[in-house]
Every structure is written in structure tokens, then in C-alpha cells.
Amino acid sequence: MTSAAVASVTAVELLVRDAELLVVDGEREIPGGWLATAGGRVTAVGPAGTEPEAQATVSAAGRLITPGLVNTHHHIYQNLTRAYAPAVNGSLFDWLTTLYPLWAALDEEAAHVSAYVGMAELLMGGCTTSSDHLYVHPRPGLVDAEIRAARDIGFRFHATRGSMTRSVEDGGLPPRSVTQTDEEVLADSERLIRAHHDPSPGALIRVALVPCSPFSVTRELMTATAELAERHDVRLHTHLAEDRDEDTYCLRTYGCRPVEYFEDTGWMSDRTWVAHCIYPNDAELRRLAAAGVGVAHCPSSNMLIGGGTARVREMREMGLPVGIGCDGSASTDHASLWMETRGALLLGRYRDGPGAMTARDALDIATHGSARCLGRGDEPGHLRPGACADLVVWDLHEVARAGAFSDPVEAWLRCGPARAWTTVVAGRVLVDRGEPVPPGLADALRTHGRIARRMQQDV
């Protein structure tokens with residue numbers, strides 16, 4: 001049965017047509033292509049001249065259509081302390097210890113509004129699915145507040161219950177004001193899974209468990225969290241091998257390197273994905289690959305902190321799922337997955353030579369690779385019939401695009417900046433003509449400004 005015939009079987013709710021190029025997946029591209037959706041799923045794709053009738057139509061007007069980008073690592077609440085002057089030039093640990101006291105002011109209102117604004121920004125950068133690593137919990141209900149924001153917008157969201165239990169008094173980095181006990185963390189983790197995690201295909205809301213890092217929680221919590229995730233069949237995430245100081249800390253505190261500690265506590269599993277993973281040695285990288293551990297590559301954060309970058313080409317050759325992450329809004333200071341995907345292209349070539357990374361490789365990392373990290377490799381990340389109807393129509397200004405005729409995908413990352421002209425999540429248009437459409441954004445920005453100024457003490 002042809003694509004057009006498939007579309008005629010199901011009433012088409014949304015048709016996106018007239019693309020210069022439709023990227024279906026890493027193996028199929030359709031010049032002049034169209035895409036049909038119904039029930040939150042892609043129902044058909046095809047070439048120009050075979051379009052079905054539809055209840056609503058979006059013109060791609062000669063633009064590029066790709067699967068929606070997937071964000072595998074973020075700290076959305078940190079957009080309340082973006083570009084905070086006292087922290088911008090410090091090392092990772094300097095940056096953290098400067099900002100922890102500010103984040104102690106986080107409450108439900110702040111978590112909700114930062115998530116609302118952050119998700120709107122992600123949508124504008126072509127992101128249709130995001131995880132978020134919320135690991136400071138000075139007050140209860142913060143993850144619930146983020147989930148409310150995602151539901152208000154209609155965003156596909158992997159909320160995570162982060163944790164820190166080792167305060168500075170216990171030999172860790174954070175102050176007591178942003179840490180909790182192991183018992184508090186585990187009880188709330190189980191509550192959030194029961195209240196919000198949706199394991200069904202195409203779910204908009206899922207929950208994962210994410211201790212912040214090996215140096216910020218107890219060994220007992222790392223182990224118990226892995227056991228809880230296994231019991232409820234949810235995913236695990238943490239920072240791993242991000243900084244040389246982490247090696248020093250783990251050797252001094254646990255008598256082993258971070259990856260060995262990670263494995264000893266039950267985390268070496270294909271339900272796990274980790275952020276950064278810059279400093280594993282060759283043997284550790286092979287063990288991570290054999291276990292199926294995914295890696296969230298955060299290019300801009302790596303460059304701004306100046307602490308090195310992941311061995312992405314080698315990881316992919318070994319079979320590790322590698323995805324893209326924005327990282328925290330207070331280290332990267334933006335939430336554009338387009339910028340991160342371009343950063344992956346540039347860093348890949350800078351590290352390993354001009355043949356090491358193409359625009360299509362970077363797109364595959366930001367879509368299919370990221371979806372694999374989140375355990376959703378068969379749903380978002382591609383546009384074959386049956387996929388989640390999450391897609392982006394990209395806009396590249398005619399001045400920036402002038403002269404680029406031979407390859408729309410390479411032009412998309414090389415000739416930017418590009419922005420999402422239309423962003424669709426589960427068949428719903430959430431960015432239209434470059435502007436986010438969810439209601440309440442203007443009010444959210446005003447509230448966000450008030451809270452951010454208070455949190456930064458008018459610095």
C-alpha cells in the first residue's frame with residue numbers, strides 16, 4: 001500500500017506539505033515531501049502531488065522538515081540564574097558552589113514558571129521532547145510543578161526526580177539547604193512514579209530517577225535508586241565523568257574511579273543514560289558500551305566550562321546511544337537544540353577531523369540517538385508512519401541561505417542561525433511562524449523576571 005493510500009484510510013488531522021526536503025529518518029529523504037498526522041501519530045509521508053485531504057494544513061513553503069529534536073539533559077530551573085556574573089568564569093565546582101545558595105530559594109511557583117518559559121524556549125529551538133534533571137529540592141512539589149507546566153503546554157516531557165544528600169558538612173559540595181535525606185528522596189521518588197509516570201506508547205509524561213552525581217549522594221542512595229528503578233521499570237540518569245575533580249573526589253572518597261563506582265552501585269545498565277561522560281578511559285568506555293549505557297553530549301556546556309568534550313565518534317562506533325543535551329540554563333545560558341546540534345557538528349570535526357561528523361550525523365544524534373537515550377527509540381526521533389507526530393519546519397533567512405542550493409541538511413547547520421518556523425508535538429502546532437503559541441507566556445515571563453531578580457538579589 002502506498003503512503004497516499006495509507007493516509008486515505010485514516011482521516012488526516014494535520015498535513016504539512018511543500019517541503020524543500022522532508023527528512024523521514026537517516027535513510028530516507030523526500031524532496032518536495034509532505035507528512036500527514038492523526039491521533040498524535042504520523043500516518044503517512046509522500047512526494048509532492050500525492051497529498052491527501054486534511055482537516056488542517058501547514059505550508060512548509062520550501063523549507064526543511066525534520067523530526068523534532070530530543071533534549072537528553074537539562075536543568076530548566078537554572079534559567080532563573082542565567083549568565084549570573086559572579087559565576088561565569090569559574091570552574092565547574094566554583095560555579096556550583098556560587099549558585100547553590102541562590103537555588104535554595106526555589107519553590108513551586110519558581111519551578112512552574114521556569115519550566116513554562118524553558119519549554120517555550122525549547123520549542124522555539126526545535127525541541128519536541130525533553131528530559132529535565134531537577135536535583136535541588138529545598139521545598140516539596142517542585143517536580144509536580146514542572147509536570148503541570150508541561151501539561152499546560154502540551155510538551156513531551158521526561159520529568160526526573162533528582163537528588164542530593166551529601167551536603168558540605170558530609171564531605172559533599174552543596175549546602176544543607178538544598179539536600180535531603182535518603183529516606184525523603186526515595187519516598188518522593190516512588191510517589192512521583194505512581195502519580196505521574198505513563199509507560200504507555202506515545203506518552204507525553206514519563207518519570208525517571210536521577211541522583212545528581214557520584215559526589216552529591218550517598219552510596220546507599222545510588223544503590224537503592226537503581227533498585228527502585230528496576231522495580232518500577234523507569235529509567236536512570238546522572239552526571240558521570242564530567243570533570244577531573246570528580247576523579248579525584250571519587251578516588252579519595254570511595255577508593256575507585258567514577259565509572260567503577262557507578263558500576264558497583266548497580267547503575268551499569270541499558271536503562272541508564274549519563275550526562276557528559278568526558279573522562280572515561282578506554283576500558284571504562286568499552287564497559288559502558290557493552291552495558292548499553294547512553295550518553296547525553298552537551299557541546300555548549302563543554303565549551304563554556306572548558307573541561308573537555310565527549311569522544312562522540314568513538315562512542316557511536318562502539319554502539320553507545322549518544323544524544324544531545326542543552327545542560328543547565330545557567331551554564332549554557334540558552335535552550336536551543338539547534339545550537340547544540342550545530343555545536344556537536346563543530347566539536348566533532350574539531351576533535352576528530354573534517355570527516356568525523358556531517359550535518360546528518362549531528363541530526364541523527366539529536367533525534368534518533370537522543371530518543372534511544374530516553375528509551376524511546378521507536379517513537380520520537382524519526383517520521384516514519386507510526387512515529388510520534390513530533391516534527392519541525394525550519395526557517396533559515398534568505399540572506400543567511402543565499403548561495404546554498406546543493407544540500408538543505410548541510411545548509412541547515414552550516415548557514416544558520418536557523419529557528420523553528422513550525423514546531424508540532426503529538427500533532428499539535430506549538431510554534432507557528434516562529435512564535436510559541438501556548439497561552440500565558442507573557443504572564444509567565446513577567447513572573448519569571450520577578451522571581452529571577454529576587455533570587456539573584458538584584459545583582
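Figure 1. Glu410 touches Thr358, Ala359 and Arg360, leaving aside residues up to four places away in sequence. Contact means heavy atoms within 4.5 Å. This is a predicted model: local features need pLDDT of at least 70, side-chain atom pairs count only at pLDDT 80 or more, and totals for chains, interfaces and linings use all residues. Residues are numbered from 1 along each chain as its sequence is written, and side-chain values use heavy atoms, with hydrogens and water left out. Glu410 sits in helix α15, residues 408-414. Helices (H or I, at least four residues) and strands (E, at least two) are DSSP runs, numbered from the N terminus. Is Glu410 buried or exposed? Glu410 is buried, with a relative accessible area of 16%. Buried means under 20% relative accessible area, exposed over 50%, and partly exposed in between (1.4 Å probe, protein chains only). The Glu410 side chain has two polar partners shown here. One is the backbone nitrogen of Ala359, at 3.1 Å. The other is the side chain of Arg414, in a polar contact at 2.8 Å. A polar contact is a pair of N or O atoms within 3.5 Å; within protein, one must be able to donate a hydrogen and the other to accept it, and residues adjacent in sequence count only if both atoms are side-chain atoms.

**Figure 2. Thr341 in helix α12.** Thr341 belongs to helix α12, residues 337-352. Its relative accessibility is 0%, so Thr341 counts as buried. A polar atom of the Thr341 side chain lies 2.7 Å from the backbone oxygen of Leu337. What does Thr341 touch, not counting residues up to four places away in sequence? The list is Leu69, Ala362, Leu363, Ala366, Trp412 and Leu413.

Figure 3. Helix α6 covers residues 219-232, which makes 14 residues. From first C-alpha to last, α6 reaches 20 Å, close to the 20 Å expected at 1.5 Å a residue. The expected span is 1.5 Å times one less than the number of residues in the helix. Leu221, Met222, Thr225, Ala226, Leu228 and Ala229 of α6 are buried. Seen down the axis of α6, its buried residues fall within an arc of 165°, so they line one face of the helix. The arc is that of the directions from the helix axis to the C-beta atoms. These buried residues pack against β11 (156-163), α5 (182-196), β12 (205-211), β13 (235-240) and α8 (258-264). The face turned away from the buried side carries exposed Glu220, Glu230 and Arg231. After α6 comes Asp233, with a positive phi near 55°.

**Figure 4. Ala241 in a loop.** Ala241 lies between β13 and α7 (244-254), in the loop. At 2% relative accessibility, Ala241 counts as buried. How many residues apart in sequence are Ala241 and Pro280? They are 39 residues apart, yet their C-alpha atoms are 6.2 Å apart in space. Ala241 touches Pro280, and also Glu246, Cys277, Ile278 and Tyr279, with residues up to four places away in sequence not counted.

Figure 5. Strand β15 (residues 294-297) is covered on both faces. Gly294 and Ala296 are buried on one side, and Val295 and His297 are buried on the other. Strand β14 (residues 272-276) runs parallel to β15, joined by 3 bridges. Ala275 stands opposite Ala296 of β15.

**Figure 6. A sheet of four strands.** The open sheet has 4 strands in the order β5-β4-β1-β6, with mixed pairing. Two strands pair if DSSP finds at least two bridges between them. Which strands stand at the edges? They are β5 (41-46) and β6 (56-59), each with a single partner strand, so one side of each is left without a neighbour in the sheet. Neighbouring strands of this sheet are turned by 20° against each other on average, direction ignored. Axes are lines fitted to C-alpha atoms, for helices over the stretch in contact, and angles run from 0 to 180 degrees between N-to-C directions. Strand β1 (residues 14-17) runs parallel to β6, with 4 bridges between them. Leu14 has Ala56 in β6 as its bridge partner.
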